[in-house]
Amino acid sequence: MSTEALPDIAFPGHDKLVSAIDTAVSSGDEHAITAALRSTLCRMIRDRDIQLPQCVFEPIEDHYARREIYRSPQHGYSVVAMTWGPGQGTPVHDHCGLWCVEGVWDGELEITQYELLEADGDRTRFRAAGGMVAGPGSAGSLIPPHEYHSIRNTSNDEVAVSVHIYKAQMEACSMFVPQDGEWFTRAAKALPTDGAH
């Protein structure tokens, strides 16, 4: 793929954010990288020099929005801004083996982690393993195999925005549909991106 085709949306503080992420992803193994990125993302969210593109504050009525605002031609990581309208969220899902650091930029999100107890073909058994309501400036990370979670904007009237930095472009994942008790059925889910400008 030519570098001209990589997503790269202009916004105030763009170069400062990219430089900080580049430094973090050069810090060693996935544990060192995600630790550095958590710290970096928390700092960048509070940095008034950085203002995300206005489009990321605009919800889409029938689904949470995924707008890829940058992909590194050098390191391959992907930065996706997600816009969560009131009540919008994800099912339990994985990240298809990619590490990820997620930070709340605006609003509040309820994040629930799940522990995989057993798998039988496409049937899996999960147990909720803790959750939290995260506000602006907070960030967490997922490193496979500890990557199962759900995210939801529980507000009835406020929009929430989060920024997700993935090891690489994430075009699909597995989602888990509740069946009976702790049992879920795995289903493949494509993850298209919405337009960013």
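**View 1. Strands that contribute to the lining of the largest pocket.** In this predicted model, at least two residues of the lining of the largest pocket are supplied by each of β4 (100-106), β5 (109-120), β6 (123-134), β7 (139-142), β8 (149-152) and β9 (160-166). Of these strands, β7 gives the largest share of that lining, namely four residues.

View 2. When the lining of the largest pocket is sorted by class, nine residues are polar, eight are nonpolar and one is charged.

**View 3. Residues that line the second largest pocket.** The second largest pocket holds about 160 Å³ of space, and its lining includes Gln113, Tyr114, Glu115 and Leu116, together with Ala129, Ser141 and Leu142. Pro145, His146, Glu147 and Tyr148 also line the second largest pocket.

**View 4. Strand contributions and residue classes in the second largest pocket.** At least two residues of the lining of the second largest pocket come from each of β5 and β7, and β5 provides the largest share, which amounts to four residues. By class, the lining of the second largest pocket comprises six nonpolar, three polar and two charged residues.

Note on methods:
Residues numbered from 1 in each chain as written. Predicted model: local features only at pLDDT ≥ 70, side-chain atom pairs only at ≥ 80, totals over all residues. Heavy atoms only, no water. Nonpolar A, V, L, I, M, F, W, Y, C, P; charged D, E, K, R; others polar. 1 Å grid on protein atoms, 1.4 Å probe; cavity = no way out; pocket = protein on both sides within 12 Å on 5 of 7 lines; lining within 4 Å. Points joined across faces, edges and corners; volume = space filled by probe spheres on them.
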